[in-house]
Structures are given as C-alpha cells and as structure tokens.
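Reader: I have a model open and would like to talk through its fold with you. Could you take my questions one at a time?

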Amino acid sequence: MPRGRFSKLTVEERKERKREQDKRYRAANIEKIKAKQRASYAALSEEEKEQRKSDMREYANANVEAATQRKSDWVAANLDRSREYQATYSREIYSKTDGAKKSSRVCAWKRTGMDPGSLTWDEVYTIVYSTTHCEECEIELVHGRYGANRLTLDHDHETGAMRNVLCHKCNVRRG
Ligand SMILES: [Zn+2]
C-alpha cells in the first residue's frame with residue numbers, strides 16, 4: 001500500500017509545514033498581497049475605515065508587550081542587521097526630517113554658549129530661518145555649511161546674547 005503524503009508527519013509538523021509554506025508564499029508575493037489589502041481598504045466606507053483603525057489601535061495597545069518582546073528578540077538575533085538598519089535610517093530618513101535639522105542646528109547653537117534669553121529655542125529657530133537677507137550687508141542668505149553668504153547667527157561671545165542673523169562673511173568680520 002502506497003504511503004500517504006503526510007503519513008510520517010504529526011499534526012504539529014503538518015501545521016509547521018503549512019506555516020512555512022504560507023511564509024514563503026507571502027515573501028514571494030508581498031507586492032500582490034499589499035496591493036490587494038490596499039484595494040480592499042479603499043473599498044471600505046469612511047465609517048468602516050474608522051472602525052478598522054480603532055480595531056488596530058486596540059489590538060496594538062493590547063499587544064504592546066508581545067510586540068516589544070518580538071522586536072528585542074529579533075534585535076538580539078540580528079545585531080549586525082539591526083545596526084545597519086539604524087545607521088541607514090538615521091542617515092537616509094531621520095537626518096532629512098525638519099525635526100532633525102532643527103535639533104542639530106539648536107544643539108550647535110547651544111555648544112557655542114549662545115543664550116536664547118526670553119525666547120524658546122523653537123522661536124529662535126523660526127526667527128533665524130525666516131530671515132532671508134544678511135542684516136548687515138543685505139546679501140541673500142543661503143542655508144548650508146558652505147559659502148560666504150551662508151546664514152549664521154551672530155552672538156556676543158562674552159554674554160552669549162544673540163545679536164543678528166548675518167552672512168558668514170559679516171559674522172567673521174564682526175568676530
Ligand atoms: Zn553680510
């Protein structure tokens with residue numbers, strides 16, 4: 001009598017095999033699957049979409065610990081990939097966000113001993129970056145690290161008090 005295809009597998013093994021097959025299928029067809037999901041989400045009514053979002057939030061909230069655990073297990077098992085991912089993320093994505101640009105700019109100001117006085121750093125940033133021309137020579141300012149007409153914030157080196165938004169050239173001249 002011919003042996004059945006699954007005759008040597010236990011129920012658990014069969015389930016495991018099915019899981020593996022599903023995983024492979026998913027990996028090989030991920031774009032197709034995502035497109036289908038997007039299409040079915042788009043077909044929902046606004047009310048259904050809201051319901052779906054709140055279900056997902058609820059699910060996420062109820063499974064925070066499990067998700068955190070899965071993530072830290074993955075990181076522990078894939079240290080190199082995790083570091084590489086973080087480096088890529090910070091270089092390619094985070095550093096290009098407005099928040100990152102602002103916080104690195106503000107850090108640099110703090111390092112020079114600048115004192116924002118009664119303003120918040122957010123306000124200083126907004127004022128400085130809405131200034132389009134040097135307050136001394138009136139040349140048009142550019143943003144960035146290079147160029148004589150790059151935007152700089154002049155401050156009193158003794159007291160830390162901020163003075164003017166200047167081009168690099170005027171800032172150097174003023175000292
Ligand atoms: Zn100038």
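Reader: Before we start, how are residues numbered, and what pLDDT do local features need?

Author: Residues are numbered from 1 along each chain as its sequence is written. This is a predicted model, in which totals for chains, interfaces and linings use all residues, side-chain atom pairs count only at pLDDT 80 or more, and local features need pLDDT of at least 70.

Reader: Thanks! In what order do the elements of the protein run from the N terminus on?

Author: The secondary structure comes to eight helices and two strands. Helices (H or I, at least four residues) and strands (E, at least two) are DSSP runs, numbered from the N terminus. From that end on, the order is α-α-α-α-α-α-α-β-β-α.

Reader: How many Å separate the centres of domain 1 and domain 2?

Author: The bounds come from an automatic or database domain assignment, which gives domain 1 as 11–96 and domain 2 as 98–174. Taken over C-alpha atoms, the separation of their centres is 43 Å.

Reader: How many residues of α1 are buried?

Author: Helix α1 covers residues 11–28 and reaches 26 Å from its first C-alpha to its last, close to the expected 26 Å. That expected span is 1.5 Å times one less than the number of residues. A residue is buried if 20 or more other C-beta atoms lie within 10 Å of its own, exposed if 12 or fewer, and partly exposed in between, with C-beta atoms placed from the backbone. Helix α1 lies largely in the open, so its buried count among 18 residues is zero.

Reader: And α5, what is its count of buried residues?

Author: Helix α5 (residues 79–93) reaches 20 Å, close to the 21 Å expected. It is hardly covered, and the count among its 15 residues is zero.

Reader: Which residues does Tyr-125 touch beyond four places in sequence?

Author: Tyr-125 is found in helix α7 and is partly exposed, with 19 other C-beta atoms within 10 Å. Contact here means C-beta atoms, placed from the backbone, within 7 Å. By that rule, Tyr-125 touches Lys-102, Arg-105 and Val-106.

Reader: In β2, what is the bridge partner of Thr-152?

Author: Strands β1 and β2 run antiparallel and are joined by four bridges; two strands pair if DSSP finds at least two bridges between them. They form a hairpin with six residues between them, and Gly-160 in the turn has a positive phi of about 85°. The partner of Thr-152 is Leu-166.

How values were computed: Two residues are in contact if their C-beta atoms, placed from the backbone, lie within 7 Å.
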